[in-house]
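This briefing walks through charged pairs, nonpolar cores, strand pairing and a helix. Please have the sequence and the model open while reading.

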Amino acid sequence: MKGTRWQYTRLPTHMEDALSGEDSEREEEEEDEKEEAEAAPSPGPADPMEPQLTETSQVLGASEIRQLSFHLPPRVAGSPWNLVFCTSRDGFSLRSLYRQMEGHSGPVLLLLRDQDGQMFGAFSSSTLRLSKGFYGTGETFLFTFSPQLKVFKWTGSNSFFVKGDLDLLMMGSSSGQFGLWLDGDLYHGGSHPCATFNNEVLARQEQFCIKELEAWVLS
């Protein structure tokens with residue numbers, strides 16, 4: 001008679017049960033952390049420093065100012081915007097504009113709103129002044145909100161950035177036409193395509209009447 005063969009099944013101890021439970025909990029926690037990490041949005045590109053204006057602009061709103069700030073040279077990022085001239089306060093006079101610019105050396109942001117409500121302007125790499133010839137650098141550009149922002153940077157075609165006399169302020173030039181010009185009373189102006197910036201007409205028409213003009217020094 002053959003002996004009966006017994007099979008033994010080893011039961012886990014209390015310690016093994018506890019360890020097994022901890023391992024399961026740890027795995028669940030790791031899975032939760034992984035899912036949270038995957039669901040978390042990745043950080044976007046850093047925004048430029050929000051411009052700090054010494055006064056409220058009567059030409060551009062906060063949204064337009066922020067859009068424009070993305071296109072300013074890195075060297076003026078975070079610089080305060082100082083309103084050194086505005087027609088509502090200082091009158092419509094190019095002479096007054098030059099006078100208010102005296103003593104300033106920083107770049108200038110020129111903001112305009114015409115009688116049709118169109119907003120446009122220019123960034124000059126240096127302060128606006130009387131000159132016998134053109135001055136400035138390739139940082140200079142023209143822009144318009146029509147209604148979305150369009151920026152016209154230097155093409156490298158020529159160096160006719162800015163020129164100013166008592167009767168005319170000119171920015172960008174080719175074939176006797178200017179990308180932007182303002183006359184001595186700061187009431188009439190015009191805009192034409194030019195090789196300096198390869199720009200479109202900034203206003204709705206090639207000639208316009210100014211309703212409000214502001215000159216901000218960024219320094």
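Arg75 and Glu139 form a salt bridge whose closest N and O atoms are 2.8 Å apart, a salt bridge being a side-chain nitrogen of Lys or Arg within 4 Å of a carboxyl oxygen of Asp or Glu. This pair links distant parts of the chain, 64 residues apart, with Arg75 in the loop between helix 2 (62-69) and strand 2 (80-86) and Glu139 in the loop between strand 4 (119-124) and strand 5 (141-145); helices (H or I, at least four residues) and strands (E, at least two) are DSSP runs, numbered from the N terminus. The model is predicted, so local features need pLDDT of at least 70 and side-chain atom pairs count only at pLDDT 80 or more, while totals for chains, interfaces and linings use all residues. Residues are numbered from 1 along each chain as its sequence is written, and side-chain values use heavy atoms, with hydrogens and water left out.

**Salt bridges**

- The count comes to four salt bridges by the rule above.
- Arg75 counts as partly exposed because its relative accessibility is 49%, and Glu139 is likewise partly exposed, at 27%; buried means under 20% relative accessible area, exposed over 50%, and partly exposed in between (1.4 Å probe, protein chains only).
- Lys150 forms a salt bridge with Glu200, the closest N and O atoms lying 3.2 Å apart.
- Because Lys150 sits in strand 6 (residues 149-152) and Glu200 in the loop between strand 10 (188-190) and strand 11 (207-218), this pair ties together parts that are 50 residues apart in sequence.
- Lys150 is partly exposed at 34% relative accessibility, and Glu200 is partly exposed at 38%.

**Nonpolar cores**

- The largest nonpolar core has 31 residues, and those with the most contacts inside it are Leu97, Leu112, Leu128, Leu169, Leu180 and Leu182; such a core is a set of buried Ala, Val, Leu, Ile, Met, Phe, Trp, Tyr and Cys residues joined through side-chain atoms within 4.5 Å.
- At least two residues of this core come from each of strand 2, helix 4 (94-101), strand 3 (108-114), strand 4, strand 8 (168-174), strand 9 (177-183) and strand 11.
- Strand 11 gives the most to this core, supplying five residues.
- Leaving aside residues up to four places away in sequence, Leu97 touches Phe85, Leu128, Leu169, Leu186 and Ala215, where contact means heavy atoms within 4.5 Å.

**Strand pairing**

- Strand 3 is mostly covered, with six of its seven residues buried.
- Strand 3 and strand 4 run antiparallel and are joined by six bridges, and Leu109 stands opposite Phe123 in strand 4; two strands pair if DSSP finds at least two bridges between them.
- The hairpin of strand 3 and strand 4 has four residues between the strands, and Gly117 there takes a positive phi near 85°.
- Strand 3 is also joined to strand 11 by seven bridges in an antiparallel arrangement, with Val108 opposite Val217 in strand 11.
- Strand 9, of whose seven residues six are buried, pairs with strand 8 in the antiparallel sense over six bridges.
- Two residues separate strand 8 and strand 9 in their hairpin, where Ser175 in the turn has a positive phi of about 55°.
- Strand 9 pairs with strand 10 in the antiparallel sense over two bridges, and Leu182 has Gly189 in strand 10 as its bridge partner.

**Helix 4 and cysteines**

- Leu94, Ser96, Leu97, Tyr98 and Met101 are buried in helix 4.
- At the start of helix 4, a side-chain oxygen of Ser93 comes to within 3.4 Å of the backbone nitrogen of Arg95, and the helix is followed by Gly103, whose phi is positive, near 90°.
- The structure holds zero disulfides, a disulfide being a pair of cysteine sulfur atoms within 2.5 Å.
- Cys86 counts as buried at 6% relative accessibility, whereas Cys209 counts as partly exposed at 27%.

Note on methods: Polar contact = N/O pair within 3.5 Å; in protein donor to acceptor, adjacent residues only side chain to side chain.
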